[in-house]
Amino acid sequence: AGGFNVKPKRRRVATENAMTKVNPSEPKRALFSCNYCQKDISNCVRIKCAECAEMDLCVECFSVGVEPNPHKACHAYHVVDNLSFPLFTMDWGADEELLLLEAVEIYGLGNWTEVGEHVGTKTKLACHAHYFETYVNSATTPLPDMSKVLGKDYVKCEVSAVTTAVTNVKKESAEG
């Protein structure tokens with residue numbers, strides 16, 4: 001084995017927001033449903049079996065120990081939360097922030113093509129700009145400015161929607 005220690009790509013879990021951006025003209029559909037009761041669990045905490053492929057359960061079914069074949073209640077599991085809410089800016093979800101930081105750790109600064117591909121929902125230019133605005137040019141660098149944290153009370157929106165909202169506020173202020 002050579003002197004390289006290449007880290008394998010981690011499997012990304014696309015959030016509902018990331019998936020609906022692929023083709024927003026299609027009607028929204030459940031990306032994750034409970035394998036037992038079929039309830040849509042795309043936008044809430046779900047339980048993912050660590051041993052069965054594509055086995056997701058809602059918290060209610062998991063709590064009573066359901067075992068849809070081939071799943072067994074004794075299997076190891078992961079608790080998966082929906083992290084598509086904005087964290088530092090309205091157009092970047094917490095899930096995308098995590099993927100950005102993970103990609104910079106794996107591929108290094110300057111490999112923005114790979115970073116963008118890893119994030120999956122943002123371009124290399126968007127990744128570069130956001131990383132430098134949020135982490136490098138922050139008053140609290142190397143950490144982001146935690147006084148600007150938005151959180152789960154906010155709904156993530158696209159840049160164009162943010163720009164439109166800001167423009168409308170500016171127009172109203174100028175008129176008033």
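**Notebook: salt bridges, sheet, cores, cysteines**

I looked up Arg-46 first, and Arg-46 is buried, with a relative accessible area of 4%. Buried means under 20% relative accessible area, exposed over 50%, and partly exposed in between (1.4 Å probe, protein chains only).

A note on the model. It is predicted, so I kept to its limits: local features need pLDDT of at least 70, side-chain atom pairs count only at pLDDT 80 or more, and totals for chains, interfaces and linings use all residues. Residues are numbered from 1 along each chain as its sequence is written, and side-chain values use heavy atoms, with hydrogens and water left out.

**Salt bridges**

I wanted the partner of Arg-46. Its side chain meets that of Asp-56 in a salt bridge, at 3.3 Å from N to O. I count a salt bridge when a side-chain nitrogen of Lys or Arg is within 4 Å of a carboxyl oxygen of Asp or Glu. Arg-46 lies in strand β1 and Asp-56 in strand β2 (residues 56-58), so the pair ties together parts that are 10 residues apart in sequence. Strands (E, at least two residues) and helices (H or I, at least four) are DSSP runs, numbered from the N terminus.

Is Asp-56 buried or exposed? Asp-56 is buried, with a relative accessible area of 4%.

I then checked Asp-56 for another partner. Asp-56 also forms a salt bridge with Lys-48, the closest N and O atoms being 3.7 Å apart. Lys-48 is buried as well, with a relative accessible area of 15%. Shared partners join Arg-46, Lys-48 and Asp-56 into one network of salt bridges.

How many salt bridges does the structure hold? I found 3. One of them joins the side chains of Glu-60 and Lys-39, at 2.9 Å from N to O. Glu-60 sits in helix α2 (residues 59-63) and Lys-39 in the loop between α1 (16-20) and β1 (46-49), so this pair ties together parts 21 residues apart in sequence. Glu-60 is partly exposed, at 47% relative accessibility. Lys-39 is partly exposed too, with a relative accessible area of 35%.

**Sheet**

I traced the strands next. An open sheet of 3 strands runs in the order β2-β1-β3, with antiparallel pairing. Two strands pair if DSSP finds at least two bridges between them. β2 and β3 (77-80) stand at the edges with a single partner strand each, so one side of each has no neighbour in the sheet. The twist averages 30° from one strand to the next. Between β1 and β2 I read 3 bridges in the antiparallel sense. Lys-48 stands opposite Asp-56 in β2.

**Nonpolar cores**

I define a nonpolar core as a set of buried Ala, Val, Leu, Ile, Met, Phe, Trp, Tyr and Cys residues joined through side-chain atoms within 4.5 Å. The largest has 13 residues, and those touching the most other members include Leu-100, Trp-112 and Cys-127. The elements giving two or more residues to this core are α3 (94-107), α4 (112-119) and α5 (124-136). α3 gives the most, with 5 residues. Another core, of 11 residues, lies apart from it, with Phe-32, Ile-41, Cys-61 and Val-66 among them.

**Cysteines**

Last, I looked for disulfides (pairs of cysteine sulfur atoms within 2.5 Å). The structure holds 0. The sulfur of Cys-49 has its closest cysteine sulfur in Cys-52, at 3.7 Å, too far for a bond. Cys-49 counts as buried, at 7% relative accessibility. Cys-127 is buried too, at 0%.

Key
Axes are lines fitted to C-alpha atoms, for helices over the stretch in contact, and angles run from 0 to 180 degrees between N-to-C directions.
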